[in-house]
Amino acid sequence: LLASAVGVSGAPIVAAQDETDCSAIAGGVQLPETVDGKFNIGMVLIGPHNDGGWSQAHFEGLQYVCENVDNAHVAYMENVAEGADAEQVFRSLARKGFDYIIGTSFGYMEPMSAVAEEFPDQQFLHVSGFMSNEENFGNIMGAMEDFKYLSGILAGSRAMVDGNPKLGYIATFPIPEEYRLGNAFMLGALETCPECTMDVRWINTWHDPQIEREAAASLFDAGAQVVFTGADTPAPAAVAEELGDKWGITYDWAGSCTSPACLTAPYWLWGAEYARIADGIVDGSYTPGWVYFDADSQGMGLYGFMEGEEPPPGIADLPEEDVQLVEDTLAAMLAGEFD
């Protein structure tokens, strides 16, 4: 039911909603069409929609919108590079008549800003940046630092149990978001492992499975016991499983933490936020600006600790007080009581 690839020419695959089934997505190499009489929503992804991370989380958010926003028609384009390519895609979607266009990568910010000025009657939403014209170009992000902090608590505890206070972090680009999230992870680790140190590998990409694997292997080779990632694929857990005595923490998508060597995964649930904004555009209550949702929005989670989830194997032998610290802190976050 899902199509994912890049065309022979390197052009991004395009997909549009099947009108009868929100889970059935058709692929193609042309821009998706709008549907007359519908509220048309277009999403642009930096990677493939089934990347096992960031883009897949957004894609599932789009499916949620399809299922929960009245009279919505949704479409997406994947593997769209930041910069000039993204600007061309945003402009083309606007010309097609999409009412609500979502860009899901930091480097889409300025291209989307420029296109929004050309199409004042359509709404544009950018994920993870910091720009807004407060008219038809808004910004959204969530407090993922909360969940990276919790992941750090678990990583520090794991490192102490294993007798190796060395952690690793795969960082993407040197932007405020990545510094904020990496720092939050280490602050959490220091709660349970005061002597822990963190080695960092900057990879300058959001999605490159081979580079991510190489970065994870490099960190493990340098002595890291637990490796976390700010990128898109489950590479740290996959490499850790091959080594047999190491641990990885994946990111972005709940389904990324399937390896027995996956300690946990902080993940996104974009659907409710996207749907809320869509409804607000339709009824006129949405004002573009800066949305920064916190843990109590239910827009994020920590794998193994949310309702209905079983803790991964690597949690079983951690000190009870460390696991309780995570559970209590998470409960406070979800109740809106954690600063």
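On a 1 Å grid over the protein atoms alone, a cavity is a set of points where a 1.4 Å probe fits but cannot get out, while a pocket is an open set with protein on both sides within 12 Å along at least five of seven lines; lining residues have an atom within 4 Å of a point. This is a predicted model, where local features need pLDDT of at least 70 and side-chain atom pairs count only at pLDDT 80 or more, while totals for chains, interfaces and linings use all residues. Residues are numbered from 1 along each chain as its sequence is written, and side-chain values use heavy atoms, with hydrogens and water left out.

**Exercise 1.** Describe the largest cavity.

Step 1: Get its volume, meaning the space filled by probe spheres set on the points, with grid points joined across faces, edges and corners. The largest cavity holds about 100 Å³ of space.

Step 2: Check the lining. Of its 13 residues, the closest to the centre are Trp-54, Thr-104, Glu-177, Trp-206 and Asp-232.

Step 3: Sort the lining by class (Ala, Val, Leu, Ile, Met, Phe, Trp, Tyr, Cys and Pro are nonpolar; Asp, Glu, Lys and Arg are charged; the others, Gly among them, are polar). You get six nonpolar, four polar and three charged residues.

**Exercise 2.** Now do the second largest pocket.

Step 1: The space in this pocket is about 160 Å³.

Step 2: Its lining includes Phe-106, Glu-177, Arg-180 and Trp-290.

Step 3: Sorted by class, that lining has seven nonpolar, three polar and two charged residues.

**Exercise 3.** How are helix 4 and helix 9 arranged?

Step 1: Find them: helix 4 covers residues 145-162 and helix 9 covers 320-334. Helices (H or I, at least four residues) are DSSP runs, numbered from the N terminus.

Step 2: Take the angle, which runs from 0 to 180 degrees between N-to-C directions, using axes fitted to C-alpha atoms over the stretch in contact (heavy atoms within 4.5 Å). The angle is about 175°, and the axes lie 10 Å apart.

Step 3: Angles over 145 degrees count as roughly antiparallel, so helix 4 and helix 9 are roughly antiparallel.

How values were computed:
Helix = DSSP H or I, 4+ residues; strand = E, 2+ residues; numbered from the N terminus. Parallel < 35°, antiparallel > 145°, perpendicular 65-115°, else oblique.
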